[in-house]
Amino acid sequence: MQATAYTFDPDTRTGQVLLDDGTPVPFDAAAFDAGGLLLLRSGQRVRLEIGHRPTADGTPHITLITLQTF
C-alpha cells in the first residue's frame, strides 16, 4: 500500500500518513524503526505494510513504513 507522509516527530519517531483517499493513519515507532529510515518529511511518498488486525478505533495498523522508490 502507498501513502503520503503527513506528520513526523523525530523525537518519538511517530507520525501520520495520508492514504490516497485522504484518510490519516498513525504509525508508531516500531513501524518506523522496522523500515530503517532516519527521517521522514511531509509530502514524501511512502510504502506501507499493514498488519492483520486494525487498531482499537478501526484504522489500519501500520507495521512497516519505507520510502517509495521507482
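## Basis of the model

This is a predicted model, in which local features need pLDDT of at least 70 and side-chain atom pairs count only at pLDDT 80 or more, while totals for chains, interfaces and linings use all residues. Residues are numbered from 1 along each chain as its sequence is written, and side-chain values use heavy atoms, with hydrogens and water left out.

## The sheet

Helices (H or I, at least four residues) and strands (E, at least two) are DSSP runs, numbered from the N terminus. Two strands pair if DSSP finds at least two bridges between them. An open sheet of 5 strands runs in the order β3-β2-β1-β4-β5, with antiparallel pairing. Its edge strands, β3 (24–27) and β5, each pair on one side only.

Strands β1 (residues 2–9) and β4 (residues 45–50) are joined by 3 bridges in the antiparallel sense. T4 has R45 of β4 as its bridge partner.

## Salt bridges

A salt bridge places a side-chain nitrogen of Lys or Arg within 4 Å of a carboxyl oxygen of Asp or Glu; the count is 3. R13 and D33 form one of them, with closest N and O atoms 2.8 Å apart. This pair links the loop between β1 and β2 (14–19) to helix α1 (residues 29–34), across 20 residues. R13 counts as partly exposed because its relative accessibility is 32%.

D20 and R45 meet at 2.9 Å, N to O. D20 is exposed, at 61%, whereas R45 is partly exposed, at 28%.

Terms used. Buried < 20%, exposed > 50% of the residue type's maximum accessible area, 1.4 Å probe, protein only.
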